[in-house]
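Dear colleague,

I am passing on the structure we talked about, with some notes on what came out of going through it. Please look at the sequence and the model first, and then read on.

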Amino acid sequence: MTDRSSEPSDAVLAAGCVLWRRSPVDDGLEVCLVHRPKYDDWSHPKGRLKRGEETLAAALREVEEETGYEAAPGAPLTTSHYEVNGRPKQVSYWAAEAVSGAFAPNDEVDLVLWLPPAAARERLTQPRDKDLVDELLALRQV
């Protein structure tokens with residue numbers, strides 16, 4: 001159960017994952033990034049919680065909706081807090097391993113890239129998303 005008592009009542013609540021896998025080529029770590037044409041940005045898969053939805057369930061649902069991959073959740077990562085259109089937004093993240101699936105373009109995401117961590121950091125649009133890659137690496141001790 002998520003404790004939302006400390007969150008502003010008008011906060012936009014969202015959840016997502018830093019999705020990773022082992023490269024099919026060299027077994028190195030790869031991070032999945034999504035391109036959202038609406039914003040023309042590169043980010044980690046994430047989205048708003050549905051009414052009554054738990055944050056981890058929302059994170060895994062968003063990963064599957066945006067990337068086509070089912071994921072096995074790992075450790076929680078830092079929660080991001082920022083403003084969007086004058087409203088506070090809170091995004092809870094988890095590390096998650098892609099276990100099965102395949103990408104197909106959809107309404108929100110037109111491309112995904114699987115990149116080594118350094119390249120993923122370079123491609124990400126928001127600095128706060130780059131920090132999540134570093135956090136994943138620290139957890140995995142890669």
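I begin with E53, which counts as buried because its relative accessibility is 14%, where buried means under 20% relative accessible area, exposed means over 50% and partly exposed lies in between, computed with a 1.4 Å probe on protein chains only. Before going further, please note that this is a predicted model, in which local features need pLDDT of at least 70 and side-chain atom pairs count only at pLDDT 80 or more, whereas totals for chains, interfaces and linings use all residues. Residues are numbered from 1 along each chain as its sequence is written, and side-chain values use heavy atoms, with hydrogens and water left out.

Salt bridges

E53 forms a salt bridge with R61, and the closest N and O atoms of the two are 2.8 Å apart; a salt bridge here is a side-chain nitrogen of Lys or Arg within 4 Å of a carboxyl oxygen of Asp or Glu. By this rule the structure has six salt bridges. R61 is itself buried, at a relative accessible area of 16%, and its side chain also meets that of E62 in a salt bridge of 2.9 Å, N to O, with both E62 and R61 buried. R61 has a further salt bridge with E65, where the closest N and O atoms are 3.2 Å apart. R61 and E65 are four residues apart in helix α1, so about one helical turn separates them; helices (H or I, at least four residues) and strands (E, at least two) are DSSP runs, numbered from the N terminus. E65 is partly exposed, with a relative accessible area of 38%. Through shared partners, the salt bridges join E53, R61, E62 and E65 into one network.

The side chain of E66 does reach the backbone nitrogen of K46, at 3.3 Å. If residues up to four places away in sequence are not counted, E66 touches V34, P45, K46, F103, N106, E108, V109 and V112, contact meaning heavy atoms within 4.5 Å.

D129, in helix α3 (residues 127-140), is likewise buried without a salt bridge, and the nearest side chain of opposite charge, that of R128, is 4.7 Å away. With residues up to four places away in sequence again left out, D129 touches W42, S43, H44, Y93 and L124.

Nonpolar cores and the aromatic pair

The largest nonpolar core has 19 residues, and those with the most contacts inside it are A15, C17, L19 and W114; such a core is a set of buried Ala, Val, Leu, Ile, Met, Phe, Trp, Tyr and Cys residues joined through side-chain atoms within 4.5 Å. Two or more residues of this core come from each of β1 (12-22), β2 (29-36), α1, β5 (69-76), β7 (87-101) and β8 (111-115), and β1 gives the most, with four residues. A second, separate core of 18 residues includes W20, V31, V91 and L124.

Which residues form the aromatic pair? The structure holds one such pair, formed by Y69 and W114, which are edge-to-face at 5.4 Å centre to centre with 80 degrees between the planes. Rings of Phe, Tyr and Trp (its six-membered ring) pair if their centres lie within 6.5 Å, with planes under 30 degrees apart counted as stacked, over 60 as edge-to-face and the rest as tilted. Y69 lies in strand β5 and W114 in strand β8, so the pair ties together parts that are 45 residues apart in sequence. Both residues count as buried, Y69 at 12% relative accessibility and W114 at 14%.

Positive phi values

D27, in the loop between β1 and β2, has a phi near 65 degrees, a positive value in a residue other than glycine, and D27 is exposed, with a relative accessible area of 51%. N85, in the loop between β6 (80-84) and β7, has a positive phi near 50 degrees and counts as exposed at 78% relative accessibility.

With best wishes

Definitions and conventions:
A polar contact is a pair of N or O atoms within 3.5 Å; within protein, one must be able to donate a hydrogen and the other to accept it, and residues adjacent in sequence count only if both atoms are side-chain atoms. Lys and Arg count as positive and Asp and Glu as negative; His and the chain ends are not counted.
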